[in-house]
Amino acid sequence: MTVAELDVVTGAFSYTGRHIAEALLEQGRRVRTLTRQSPDPAHPLADRVQVSPFAFDRSLDESLRGADTLYNTFWVRFERGSTTFGRAVENTRALFDAAKRAGVRRVVHVSVANPDAASPFPYFRGKAQTEEALRASGMSHAIVRPTLVYGARDILVNNIAWGLRHVPVFLVAGDGRYEVQPVSVEDTARICVDAGSRGDDVTLDAAGPDRWTYEEFVRLIARAVRARTWIVRSPTSVALSAARVAGMLLRDVVVTRDELLALEAGLLVSHEPPLGTERFETWLANTPGTLGRRYTSELARNFRG
Ligand SMILES: NC(=O)c1ccc[n+]([C@@H]2O[C@H](COP(=O)([O-])OP(=O)(O)OC[C@H]3O[C@@H](n4cnc5c(N)ncnc54)[C@H](OP(=O)(O)O)[C@@H]3O)[C@@H](O)[C@H]2O)c1
């Protein structure tokens, strides 16, 4: 009997990593995950994936040994306390170095659309640095650059829907004409897994088939959840102040200044033919009335402890 190939996925109990792990398991592959989380026995993947703690030290070598492909989703959404983009870049480098030492065949690295080493935004600058580190490693690799990933258990679209359901006035920063090109989390996982099975070094965007201006995007979500809120454009500084107040009330970081400015700069779109096929409007129409019913806290999910 042949033993199924083993892949390592970071964050299989989290968002994108979970869908990558599910897609690999569907193909009959074995999955080990690197995670800070203790598996909740009720999680559907709890007894289907091996778990290794995510420590950025020599223990990584052991966690990666025997793996065919490493799928790396690790990143941080914003800086807080000792969590910095600089540290995230270093940790990502440590992960790639360990993968090389452990003899991993290929690395699929989840980056972001439009990374740029000269970007004013540390998120996009840091991603460009991680991509460069992977290319320089000499390992067989694929770099997948998602735009804005939506799907069950996402934070961004869910919280826009939550805001639309719960506040009387929803502020769209600036002129609202900057575009977004969302991609489903299932398409993103498929693009990653397809890229993992290739042998050539590639860099691909993960983007969906449709683009909207941000204001249109918000109005689509509002219609889907039947929100009666008043959607108005506001100066970015006003929208940011409102988000800060909301963050204080919700004990979360709703959106950062850089995230708003990157959105306004049109960085959440692709300039390649889209590889994603699932339509955001179809997903919206099929989400049961749960979208935006409950606020999802980034701090609670990703900055605990
Ligand atoms: N979501 C989007 O719209 C979007 C758009 C473009 C690019 N991306 C990229 O896609 C990848 C996956 O994103 P995602 O939204 O699916 O992320 P996620 O599941 O929330 O987190 C991905 C991984 O990063 C770890 N992580 C997250 N925040 C952390 C923190 N504050 N400190 C330490 N570790 C942390 C998680 O660890 P645990 O497993 O231990 O929880 C998990 O392994 C990321 O590289 C992201 O930059 C996402």
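**Reading the terms in this model**

Mentor: Start with Asn114, which sits in the loop between strand 5 and helix 4. Helices (H or I, at least four residues) and strands (E, at least two) are DSSP runs, numbered from the N terminus.

Trainee: What are the ground rules?

Mentor: This is a predicted model, where local features need pLDDT of at least 70 and side-chain atom pairs count only at pLDDT 80 or more, while totals for chains, interfaces and linings use all residues. Residues are numbered from 1 along each chain as its sequence is written, and side-chain values use heavy atoms, with hydrogens and water left out.

Trainee: Why does Asn114 count as partly exposed?

Mentor: Buried means under 20% relative accessible area, exposed means over 50%, and partly exposed lies in between (1.4 Å probe, protein chains only). Asn114 has 24% relative accessibility, so it counts as partly exposed.

Trainee: Is Arg251 buried or exposed?

Mentor: Arg251 has 70% relative accessibility, so it counts as exposed.

Trainee: How do you know that helix 1 (residues 16–26) is largely enclosed by the rest of the structure?

Mentor: Of its 11 residues, 9 are buried, so helix 1 is largely enclosed. The buried residues are Thr16, Gly17, Arg18, His19, Ile20, Ala21, Ala23, Leu24 and Leu25. Their packing partners include strand 1 (6–10), strand 2 (30–35), strand 5 (106–110) and helix 6 (185–197). Gly28 follows helix 1, with a positive phi near 85°.

Trainee: Why are helix 1 and helix 6 called oblique to each other?

Mentor: Angles under 35 degrees count as roughly parallel, over 145 as roughly antiparallel, 65 to 115 as roughly perpendicular, and the rest as oblique. The two axes come within 8 Å and cross at roughly 55°. Helix 1 and helix 6 are therefore oblique. Axes are lines fitted to C-alpha atoms, for helices over the stretch in contact, with angles from 0 to 180 degrees between N-to-C directions.

Trainee: What is the handedness of this crossing of helix 1 and helix 6?

Mentor: Right-handed. A crossing is left-handed if the near helix is turned anticlockwise from the far one by less than a right angle, and right-handed if clockwise.

Trainee: Which residues of helix 1 and helix 6 meet?

Mentor: Thr16, His19, Ile20, Ala23 and Leu24 of helix 1 meet Val185, Glu186, Thr188, Ala189, Cys192 and Val193 of helix 6. Contact means heavy atoms within 4.5 Å. By class there are 7 nonpolar, 3 polar and 1 charged residues. Ala, Val, Leu, Ile, Met, Phe, Trp, Tyr, Cys and Pro count as nonpolar, Asp, Glu, Lys and Arg as charged, and the others, Gly among them, as polar.

Trainee: Why are helix 3 and helix 4 called roughly parallel?

Mentor: The axes of helix 3 (residues 85–102) and helix 4 (residues 122–137) cross at roughly 20° and come within 9 Å. The two helices are therefore roughly parallel. Helix 3 passes helix 4 in a right-handed crossing. Contact residues include Phe85, Thr92 and Phe96 of helix 3, and Gly126, Thr130 and Leu134 of helix 4.

Trainee: What makes His109 count as buried?

Mentor: Its relative accessibility is 0%, so His109 counts as buried. His109 is in strand 5.

Trainee: Why is the pair of Phe56 and Phe74 called tilted?

Mentor: Rings of Phe, Tyr and Trp (its six-membered ring) pair if their centres lie within 6.5 Å; planes under 30 degrees apart count as stacked, over 60 as edge-to-face, and the rest as tilted. Phe54 and Phe56 are 4.6 Å centre to centre with 40° between the planes, a tilted pair. The ring centres of Phe56 and Phe74 are 5.0 Å apart and the planes lie at 50°, so this pair is tilted. It ties together parts that are 18 residues apart in sequence, because Phe56 lies in the loop between strand 3 (50–53) and helix 2 (59–64) and Phe74 in the loop between strand 4 and helix 3.

Trainee: Is Phe74 buried or exposed?

Mentor: Phe74 has a relative accessible area of 14%, so it is buried.
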